[in-house]
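Here are some short notes for a colleague who is opening this entry for the first time. Please read them with the structure in view.

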Amino acid sequence: MLFRSKIVTFNNLTKKVLKAATEFSKLEYKVPIEYDVKACWANTLTEKDYIQPHNHFTSDLCATYFLTAPENSSPLHFIEADEYIKPEQDLLIIYYPHMMHGSPSMHVNEKRITVNYNLKIKSEFIYSILP
């Protein structure tokens, strides 16, 4: 039963991420674009762990959800903008796939856990807007 409960929670998170991505597209493009999940994974960082700078250029949109964020844990760093996002539990960040990002080395011995998404535009949506 506990395993089933976790699946429901994860499905709810994914639905919220997809809804937030559509809201982002309404603000950014003035069109409510619908997305599907292309890939999803979790990262766990503890003391001295870091994430190398990278991007997700083959996706249409990306999202990072902070499941846990201990005090003073490593920020999400967007390289080109030189912007640091302070981790907060339950914080969702949506960003463009071309943006180089990573996380500097952790200096706390607690787990910072993120759930990450690469999103793609739903093919049905693309066909619905074509002439």
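This is a predicted model: local features need pLDDT of at least 70, side-chain atom pairs count only at pLDDT 80 or more; totals for chains, interfaces and linings use all residues.

The points below cover aromatic pairs, a sheet and one serine.

1. Aromatic pairs. How many aromatic pairs are there? The count is two. In one of them, the rings of Phe24 and Tyr96 are 5.6 Å apart from centre to centre, with 65 degrees between their planes. Planes over 60 degrees apart count as edge-to-face, and that is the class of this pair.

2. What the Phe24–Tyr96 pair joins. Phe24 belongs to helix α1, which spans residues 2–29. Tyr96 sits in the loop between β6 (92–95) and β7 (101–103). The two residues are 72 apart in sequence, so their pairing ties together separate parts of the chain. Phe24 has a relative accessibility of 18%; the limit for buried is under 20%, and Phe24 therefore counts as buried. Tyr96, at 22%, counts as partly exposed.

3. The Phe78–Tyr95 pair. The ring centres of Phe78 and Tyr95 are 5.0 Å apart and the planes meet at 70 degrees, so this pair is edge-to-face. Phe78 is in strand β4 (residues 76–78) and Tyr95 in strand β6.

4. Four strands form an open sheet in the order β2-β7-β4-β5, and the pairing is antiparallel. Which strands lie at the edges? They are β2 (51–54) and β5 (83–85), each of which pairs on one side only. From one strand to the next, the twist averages 20 degrees.

5. The β2–β7 pairing. Strands of a sheet pair through backbone hydrogen bonds, in either a parallel or an antiparallel sense. Here β2 and β7 are antiparallel and pair over two bridges. Ile51 stands opposite Ser103, a residue of β7.

6. Ser25. This serine lies in helix α1, the helix that also holds Phe24. Ser25 has a relative accessible area of 0% and is buried. A polar atom of the Ser25 side chain lies 2.7 Å from the backbone oxygen of Thr22. Apart from neighbours within four places in sequence, Ser25 is in contact with Lys30, Val31, Pro32, Ile33 and Tyr35.

Notes: Residues are numbered from 1 along each chain as its sequence is written. Side-chain values use heavy atoms; hydrogens and water are left out. Rings of Phe, Tyr and Trp (its six-membered ring) pair if their centres lie within 6.5 Å; planes under 30 degrees apart count as stacked, over 60 as edge-to-face and the rest as tilted. Buried means under 20% relative accessible area, exposed over 50%, partly exposed in between (1.4 Å probe, protein chains only). Two strands pair if DSSP finds at least two bridges between them. Axes are lines fitted to C-alpha atoms, for helices over the stretch in contact, and angles run from 0 to 180 degrees between N-to-C directions. A polar contact is a pair of N or O atoms within 3.5 Å; within protein, one must be able to donate a hydrogen and the other to accept it, and residues adjacent in sequence count only if both atoms are side-chain atoms. Contact means heavy atoms within 4.5 Å.
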